[in-house]
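Me: I would like to learn how to read the place where two chains meet. Could you take me through it slowly?

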Amino acid sequence: MIERGHHDMGGLPAGKVRRTEHAYDDWELRVDAMMMLLIGVVGDSKRMTVDELRKNVEALAPADYDKMGYYDRWVISLTQTMIQRGVITSDDLARKLAQVQRRGLSPISRRQRTKGR
Amino acid sequence: MRKETGSYQPYSYFQLMEISLRELLVEKGVVTEDAIAGAMAAMRERGPERGAAMVARAWLDPAYKARMLADGSRAAEELGFEVPGLRLIVVENTSDTHNVIVCTLCSCYPRMLLGLPPEWYKSRPYRSRVVREPRKVLAEFGTKIPPKVQIRVHDSNADMRYMVLPLRPAGTERWSEERLAGLVTRDCLIGVALPQIPKKPKSRKS
């Protein structure tokens, strides 16, 4: 029998649907925008397919998958795909991460959660 | 740097990753900040009004409805809504079938017509349960489907998206297209709600 992936949850028991809505933060919309550009739905910067995004989301460890927010998973998957595609290297990423971190703290808006309509 | 009221928090790991990835892609000439801003603005503009406009048109124009059920993507384009690279399938509610959409594997959603999906659509409980006990899940949304009406659940995927064409409510016979569109909420287009005529309609002056 094929074991199902962690993301493959159709039909499994689960709790009540919590009808949460989520006002997306700017950074989340930027991840979304990068994705749309990189899969070539808009513009001419196509560097990957949507299946690669999904593959790399599905490759996350189950515990991480559950803990991470939706765009948390996406940004990790996008970054991973860009490394796999050779668009960026892991050295580039390490250097850039350190650089960004050195710039220090900055305000971020808290996620707003409101009750569903 | 942007100033905001409220407490200052460090970036999360994932935000650091977003900034780093974006700056690298810009430095390497893959994307530009302008293109990202443009895609964000376009996404913010998309909302369920688009799907609602298609539904209202279908309710009033049987020929459009037939075209919409035959080819959802083209019917969307007819009203000026682009659905690039995707096959849109519109599923029609009837007196004996109710439709509801989900993406059990991830979060596929007719985002070009409805905007970004609500958080619950992407949640484990919805994705897991709506395929097994749709009637119960719909009841949790306050939507009671009579037992004689069968429920069909459509599982979306990366290349194929569904949208529900709800039943036009009785008592809307002389309504304008615009007024009809006003009844069609995002949740009606997902299939977890039914169009509701407001209990106390405002007196309309014409």
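Reply: Let us begin with contact, which means heavy atoms within 4.5 Å. By that rule, 67 residues from chain A and 59 residues from chain B take part. This is a predicted model, in which local features need pLDDT of at least 70 and side-chain atom pairs count only at pLDDT 80 or more, while totals for chains, interfaces and linings use all residues. Residues are numbered from 1 along each chain as its sequence is written, chains are lettered from A in the order in which they are written, and side-chain values use heavy atoms, with hydrogens and water left out.

Me: What area is buried between chain A and chain B?

Reply: The size of an interface is often given as the accessible area lost when the parts come together. Here the buried area (accessible area, 1.4 Å probe, that two parts lose on being put together, summed over both) is about 6200 Å², and carbon and sulfur atoms give 63% of that.

Me: How many salt bridges does the rule find across the interface?

Reply: A salt bridge is a side-chain nitrogen of Lys or Arg within 4 Å of a carboxyl oxygen of Asp or Glu. The rule finds nine between chain A and chain B; A:Asp32 forms one with B:Arg111, where the closest N and O atoms are 2.5 Å apart.

Me: How many residues of H1(B) are buried?

Reply: Buried means under 20% relative accessible area (1.4 Å probe, protein chains only), and a helix is a DSSP run of H or I, at least four residues, numbered from the N terminus. In H1(B), 12 of the 15 residues are buried, and they pack against helices H1, H4 and H5 of chain A together with helix H2 of chain B.

Technical notes
Buried means under 20% relative accessible area, exposed over 50%, partly exposed in between (1.4 Å probe, protein chains only). Helices (H or I, at least four residues) and strands (E, at least two) are DSSP runs, numbered from the N terminus.
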